[in-house]
Amino acid sequence: MLMLTNKNENNIHIYLVFGIGLIGKAMIKELKSQYTFINEHLEYSWLDPNKQNLNSQVIQEKVISLLSTNDIKIFQSRISVIWSAGSAGFNADKNQLKIEFNNFISLITLTKQLTNKLPTCLFDFHMLSSSGALYEGQRSVTKLSTPAPKRPYAELKLEQEHYLLQANLRSIIRIYRPSSVYGQYSIGSRAGLISTMLFNGVRNSSTEIYGNMDTLRDYIFVNDIARFIVKKCISNKQISSPKIYILASSRPTPIITIKNLIETIIRKPLYLNYHPIPTIFAHNSFMPSALPSDLTITDLETSIRILYEQLHFDI
Amino acid sequence: MNTLEISTVIPIYAGSEYLIELIKALKKQKEIWQSKKKHIVLKEAIFVIDDAIDNSAELLEKFKLEFDWVKVIHLSRNFGQHPATIAGILHSSGDWVVTLDEDLQHQPKDIELLLNKVAKTNCDIVYAKPTSPVHKNIFRDYSSKSYKFIVSSLVSEKVDMFNSFRLIRGSIARATASVCGHETYFDVALLWFTQRIEQAEMTLEDQRVINNNNSTYSLSTLLSHARRMIVTARAKILRGGIMFGLVAVTSSMAYSLYIIIQKLISPELISIEGWASLFVSILFFGGTSILLLGIALEYISVILLHIQGKPTFFVIDRSGDSILKQYFEN
């Protein structure tokens, strides 16, 4: 995990980012573009509960020591805890999901302990959930649509949300439900369909597509999500009850459109293998009214071009 | 699948006079389907503001707040009706997409006529076919007919059935929209994905022209349409190019042979010195040039289609049509 500290005259804003994957990295980059931070990588074990407990103690001690310096007014300081972790994907098995849920419980416990030890400090908790999972197979999702998990991964996400909402944390709670996120490809971590197609296209490799050419998904650029979440992290606006945000583009896009766009941008054909798995055929789309009014979306072609330029730079 | 979702796409340029009635008509149709409870839903009405010249944008933003099924997309500048339609389709999610004009020439209640055609024929695209002149203006209607006739004669595709009131299978609509470039004629591109096209007869009246004698189409717009249609379609002239080249080279060679034989057998018939050799040379090189040009045109035709995104194949699922069959049977 990463601890980012932004120190002002007599207060501190500490960001504890748990999970430095696709979204976590983008958020950190966005945060750093706004402020100057002192950042520190702290160990946090995801697999060993005993080690995790020790790590948790270390993190708490670090945070408390930062807030205990003479010139810092604790009641004006703030701690933002961000859960953007989770190695379990859409097709995760029960063991992987159990580990992830336990890790989430541990983080809630850590946050509770911090709020107890720092009763005058302001806290906010930001959780990354998944609308692609929760609303799988639903079209024209609005604010009134009910999540209907169709797989264990989605059940996990809903369970995590419920656990957080019932945890009685003395904290502002914001839950983000992004749709299909895409961003810079990174070997070894989940990158999403678009990034994978782009990466494989540049390398003349084939991509496995689990669905049909016309399967609709709502793709949202990771930078748009990061920008939105960071805006909420930085915001001084107090909210009385937890807020849930659906982060999507409201532009349902079939795979064939992505394919054509990428082929136009990289100027060569993509090699795709289609795997017709009926459960993944279901379309998923969101109405503009379901989205927050202050969410800005980068259009698909621009964002794919950005990723292509980044890929070239990296290669 | 147990619900058929319909998306409507309406490009907006100067529609403020008709928008309130149009929204009412769409709402009414939505409620009719809701009351019948037969699994057809008007899920979304997508209005694409193509840099409208009146207050259509403001009106639609108000409707968007009132009805969550109204979606509004703003284009950065005026791109034209086809690009606006394409933009709307690319934001749709319905199993079927219906494109309509902004001026109530196309009544939402007539969407059922289009759907009925699908139920009967299992087709992928249904175009509205007016049963009487649309503009009620002899000159306008005759010009429109002549225009379609001229373009039809220049391209291989049946362009006279094209109409902006169309019902398109959602997956085909979106696939077509995704391959369309700024010079691609949308309806011609649709033909790359399916040949199951039908027409449904209905009364269409262009109220804008009938009442005001105004049209948003100028001569330059129509010419631009024709140009894009010819470029996108398999222009007969391109396909005919290589044939013409072959005919030219064959006939020039045959005639050259005739002149050579004549010169050898009866030289007195060609009295001018050098004429025979000069004429044979002209025929040979002329014919060869035309043949090579024809081959080049053939290559250009293939490259053009490839650049425009004509697909090698496209997979379709028509299983949802049973819902339409049941709806119209009951």
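1. A word on terms to begin with: a cavity here is a set of grid points where a 1.4 Å probe fits but cannot get out. Please also keep in mind that this is a predicted model.

2. Let's look at the second largest cavity, which holds about 40 Å³ of space. Which residues line the second largest cavity? They are A:Gly183, A:Gln184, A:Tyr185, A:Ser195, A:Leu198, A:Phe199, A:Leu307 and A:Leu311. By class, this lining has 5 nonpolar and 3 polar residues, and no charged ones.

3. In chain A, α6 (193-202) and α9 (300-314) each supply at least two residues of the lining of the second largest cavity. The largest share comes from α6(A), with 3 residues.

4. Now to the contact between the chains. On one side, 22 residues of chain B take part, and they are in contact with 18 residues of chain A. The size of an interface is often given as the accessible area lost when the parts come together. Here chain B and chain A bury about 1,700 Å² between them, and 59% of that is on carbon and sulfur atoms. Within chain B, the residues that lose the most area to chain A are B:Asp68, B:Lys71 and B:Ser93, together 26% of what that side buries.

5. What about specific pairs? Between chain B and chain A the count is 2 salt bridges. One of them joins B:Asp95 to A:Arg139, with the closest N and O atoms 2.9 Å apart.

6. Finally, the side of chain B that touches chain A. Both β2 (40-49) and α6 (170-179) of chain B supply at least two residues each to that side. α6(B) gives the most, with 5 residues. Sorted by class, this side of chain B has 8 nonpolar, 7 polar and 7 charged residues.

Note on methods. Residues are numbered from 1 along each chain as its sequence is written. Chains are lettered from A and ligands numbered from 1 in the order in which they are written. This is a predicted model: local features need pLDDT of at least 70, side-chain atom pairs count only at pLDDT 80 or more; totals for chains, interfaces and linings use all residues. Side-chain values use heavy atoms; hydrogens and water are left out. On a 1 Å grid over the protein atoms alone, a cavity is a set of points where a 1.4 Å probe fits but cannot get out, and a pocket is an open set with protein on both sides within 12 Å along at least five of seven lines; lining residues have an atom within 4 Å of a point. Grid points are joined across faces, edges and corners, and a volume is the space filled by probe spheres set on the points. Helices (H or I, at least four residues) and strands (E, at least two) are DSSP runs, numbered from the N terminus. Ala, Val, Leu, Ile, Met, Phe, Trp, Tyr, Cys and Pro count as nonpolar, Asp, Glu, Lys and Arg as charged, and the others, Gly among them, as polar. Contact means heavy atoms within 4.5 Å. Buried area is the accessible area (1.4 Å probe) that two parts lose on being put together, summed over both. A salt bridge is a side-chain nitrogen of Lys or Arg within 4 Å of a carboxyl oxygen of Asp or Glu.
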